[in-house]
Amino acid sequence: MLKFFYTFLLVLGAGYGSAARAESVLFLNPGDVDEAFWVSYSQFMQAAARDLGIDLRILYSRRMPELTVAQARQALQGPDRPDYLLFANEQYIAPQVLRLAQGSGVKLFMVNASLTPNQLSLLGERPDRLGSLVPNDEEGGYLMLKELIRQHPPVAPGEEIELLAFSGLKITPSAQLREKGMMRALAEHPEVRLRQLVYGGWTRKRAYEQAKLLRHRYPNVSLVWSANDEMAFGAMQAYTEAGSVPGKDVLFSAVNTSAAALQAKVQGRLSVLVGGHFTLGGWALVQLHDIDRGVDIGRYGGRDRQIPLLQLIDTATAKRMLAMGDSPDYEVNFRRLSAKGRPSSYRYPFNLQTLMR
């Protein structure tokens, strides 16, 4: 079985020669090779690596946690070990990776999902775990539903606004947190009734099949909340085929700033779009580069940080992001973001505004 998994490894990377040896980083990307979010995530990391002079390799695990663990085992116990291993606690695999890393000499950094409080209490602190960067997933889910409700026409007293929700994988931390944010917004609006929450597995096809059934079951739904863009497009397709007009008859929301999602926002088919967290891996490389140069990142906001990357994307911002296209360097000077030599009051400016300057 392990041999089967390795046939799916896709390696993206390049060395960046210089007089000094470049630090090597391996990122275990939990997504698929054609998944818009995770591809853009990797592209931003590659731009950061080019600017910082980091030797970056990326392996995709196609949303198979057992493959991520197999990749980690090979990287941590094989002959060609990186200086740093970057990975997400997707489907709560971190304890297995930390066990494999014991005594390997490889330093660990987590992105998107870090150790849960339970995992941390069981595993304790370790010198090879350098830190983590995670986005504001709970707030993202909250902002998305609040803005959907704000855009919905007012209803008379006693009337209800009906909502459908599409989440990702039930055991994925980001999905759980976005749901939690949605529920927080829902508690503030008793006029909104959640008809059903389903798990679309982050995929367009599954959400499409689910939405075809749900639109018949709940014909009066006028709000559709989705934890990513692919599921939003799947649900949108089902409603469009039934004659509904997205943005008019039914308001849709999504997370992610893929070109398709940005275009749908500009066109008005997506009423609400939240995004910006595709930059997280690139920002993490800035911190790893600082650590490699002797910077104590704990002095600059803490070594385990949540940063407010998920924000509402309005039409003007969507147009600007579309105009940027697939710029190979994103016009970001990553080296200037370094904390080296800065006063302790300095905070890394990891946000969408840094990208948009």
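Q: Before we dig in, what is pLDDT?
A: pLDDT is the predictor's confidence in each residue, on a scale from 0 to 100. It comes up here because this is a predicted model.

Q: Okay, what is the mean pLDDT of the protein?
A: The mean is 91, and 93% of the residues reach 70 or more.

Q: And where is the pLDDT below 50?
A: Over residues 1-19. That stretch still has 39 contacts in the model beyond near neighbours in sequence. A word of care, though: where pLDDT is low, the predicted coordinates should not be read in detail.

Q: Good to know. On to helix packing: at what angle do α6 and α7 pack?
A: About 40°, with their axes 6 Å apart. Helix α6 covers residues 137-151, and helix α7 covers residues 173-187.

Q: Which residues make the contact?
A: From α6 there are Asp-137, Glu-138, Glu-139, Gly-141, Tyr-142, Leu-145 and Lys-146. From α7 come Ser-174, Leu-177, Arg-178, Lys-180, Gly-181, Met-182, Arg-184, Ala-185 and Leu-186. By class, the contact of α6 with α7 has seven charged, six nonpolar and three polar residues.

Q: Nice. How do α10 and α12 cross?
A: Their axes come within 9 Å and cross at roughly 140°. Here α10 is residues 259-267 and α12 is residues 315-324. That angle makes α10 oblique to α12, and the crossing of the two is left-handed.

Q: Which residues meet there?
A: Ala-259, Leu-262, Gln-263, Lys-265 and Val-266 on the α10 side meet Thr-315, Ala-318, Lys-319, Met-321 and Leu-322 on the α12 side. The contact of α10 with α12 divides into six nonpolar, two polar and two charged residues.

Q: Switching topic: where is Asp-304?
A: Asp-304 is in strand β12, which spans residues 304-307.

Q: Which residues does Asp-304 touch?
A: Leaving aside residues up to four places away in sequence, Asp-304 touches Ser-114, Arg-129, Gly-131 and Ser-132.

Q: What is the relative accessible area of Asp-304?
A: It is 38%, so Asp-304 is partly exposed.

Q: Last one: how many Å apart are Asp-304 and Ser-271?
A: They are 33 Å apart in space, C-alpha to C-alpha, and 33 residues apart in sequence.

How values were computed. Residues numbered from 1 in each chain as written. Predicted model: local features only at pLDDT ≥ 70, side-chain atom pairs only at ≥ 80, totals over all residues. Heavy atoms only, no water. Axes fitted to C-alpha atoms, helices over the stretch in contact; angles between N-to-C directions. Helix = DSSP H or I, 4+ residues; strand = E, 2+ residues; numbered from the N terminus. Parallel < 35°, antiparallel > 145°, perpendicular 65-115°, else oblique. Left-handed = near helix turned anticlockwise from the far one by under 90°. Contact = heavy atoms within 4.5 Å. Nonpolar A, V, L, I, M, F, W, Y, C, P; charged D, E, K, R; others polar. Buried < 20%, exposed > 50% of the residue type's maximum accessible area, 1.4 Å probe, protein only.
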